[in-house]
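Reader: I would like to go through this structure and ask what stands behind each label. Please set the values against the cut-offs as you go.

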Amino acid sequence: MLEPSPIFVGFLLLKSYFYLPAILLLALLRVGGGRGIWVRIAAGIAAAVALIGLAVRFGPPLLGLYSGPVHMAAVQVTALGGGMGMPLLASAGLALSALPRLARWRGIDAVHAVVLLVLLGLWALAR
């Protein structure tokens, strides 16, 4: 009997259910506590991408859309980059918000780095 490895299951759980909400929360904290317009814009972009990713991932099933053009568009967006497109794009926005010297609350960057490294490590091990 074939069983998926715990690493693969952990990767799927993190990528599908926990990563984008974590990025959304961290980005919203950065938007609220960031100094400077560029810090807030980059964090806002990360929050928007994470929110779009969550809406695309959970919206169609919540609305009962299991076929049709909306479902197909959602599947295509979710499958970008082998399923890693939206998480990495949201992470890029949050990482860009950390670059200016005016960015505060460096704990956000530390949590983001740890979660990103765990995601990338599980992705590498699951391949």
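Author: Among contacts in the chain between residues at least 6 apart in sequence, 78% join residues at least 24 apart. The model is a predicted one.

Reader: What makes up the chain, in helices and strands?

Author: The chain has 5 helices and 0 strands. Read along the sequence, the pattern is α-α-α-α-α. The C-alpha trace spans about 50 × 35 × 20 Å along its principal axes.

Reader: How much of the chain is buried, and what is its accessible surface?

Author: Of the 127 residues, 34% are buried, where buried means under 20% relative accessible area. The accessible surface comes to about 7,600 Å². Carbon and sulfur atoms account for 76% of that surface.

Reader: Which residues touch the most other members of the largest nonpolar core?

Author: They are Leu 20, Ile 23, Ala 50, Ala 90, Leu 94 and Leu 119, in a core of 21 residues. Helix 1, helix 2 (37-63), helix 4 and helix 5 (106-126) each supply at least two residues of this core. The largest share, 8 residues, comes from helix 1. For Ile 23, the contacts beyond four places in sequence are Ala 50, Ala 90, Ser 91, Leu 94 and His 112.

Reader: Why is the pair of Asp 109 and Arg 30 called a salt bridge?

Author: The rule asks for a side-chain nitrogen of Lys or Arg within 4 Å of a carboxyl oxygen of Asp or Glu. The N to O distance between the side chains of Asp 109 and Arg 30 is 2.8 Å, so the pair meets the rule. Side chains of opposite charge can pair when their charged atoms come close.

Reader: What parts of the chain does this pair tie together?

Author: Asp 109 lies in helix 5 and Arg 30 in helix 1, so the pair ties together parts that are 79 residues apart in sequence. Asp 109 and Arg 30 are both buried.

Reader: How do you know that Asp 109 is buried?

Author: Its relative accessible area is 15%, and the cut-off for buried is under 20%, so Asp 109 counts as buried. Leaving aside neighbours within four places in sequence, Asp 109 is in contact with Arg 30 and Ala 98.

Reader: Which other residue meets Asp 109 in a salt bridge?

Author: Arg 106 does, with an N to O distance of 2.9 Å between the side chains. That value also falls within the 4 Å of the rule. Arg 106 and Asp 109 are 3 residues apart in helix 5, so about one helical turn separates them. The count by this rule comes to 2 salt bridges, and Arg 30, Arg 106 and Asp 109 are linked in a network of them.

Reader: Why is Arg 106 called partly exposed?

Author: Buried means under 20% and exposed means over 50%, with partly exposed in between. Arg 106 has a relative accessible area of 40%, so it is called partly exposed.

Reader: What makes the pairing of His 112 with Ser 91 a polar contact?

Author: The two side chains make this contact at 2.9 Å, and the limit for such a pair of N or O atoms is 3.5 Å. From C-alpha to C-alpha, His 112 and Ser 91 are 7.9 Å apart in space, and they are 21 residues apart in sequence. His 112 is in helix 5.

Reader: Is His 112 buried or exposed?

Author: Buried, because its relative accessibility is 6% and the cut-off is under 20%. Beyond four places in sequence, the contacts of His 112 include Tyr 19, Leu 26 and Ala 95.

Reader: What is the case for calling Ser 97 buried?

Author: Ser 97 has 0% relative accessibility, so it counts as buried. Ser 97 is found in helix 4 (residues 85-98). Its side chain is joined to that of Arg 30 by a polar contact of 3.1 Å, within the 3.5 Å limit.

Reader: Why does Phe 18 count as exposed?

Author: Exposed means over 50%, and Phe 18 has 52% relative accessibility, so it counts as exposed. Phe 18 is in helix 1 (residues 6-33). With Val 9, Leu 13 and Tyr 17, Phe 18 forms a nonpolar surface patch of about 370 Å² accessible area together.

Technical notes
Residues are numbered from 1 along each chain as its sequence is written. This is a predicted model: local features need pLDDT of at least 70, side-chain atom pairs count only at pLDDT 80 or more; totals for chains, interfaces and linings use all residues. Side-chain values use heavy atoms; hydrogens and water are left out. Patches are made of residues with over 30% relative accessible area and no salt bridge: like charges are joined within 9 Å, nonpolar side chains (Val, Leu, Ile, Met, Phe, Trp, Tyr) within 5 Å. Accessible areas come from the Shrake-Rupley method with a 1.4 Å probe; for residues, only the protein chains shown count as cover. Helices (H or I, at least four residues) and strands (E, at least two) are DSSP runs, numbered from the N terminus. Buried means under 20% relative accessible area, exposed over 50%, partly exposed in between (1.4 Å probe, protein chains only). A polar contact is a pair of N or O atoms within 3.5 Å; within protein, one must be able to donate a hydrogen and the other to accept it, and residues adjacent in sequence count only if both atoms are side-chain atoms. A nonpolar core is a set of buried Ala, Val, Leu, Ile, Met, Phe, Trp, Tyr and Cys residues joined through side-chain atoms within 4.5 Å. Contact means heavy atoms within 4.5 Å.
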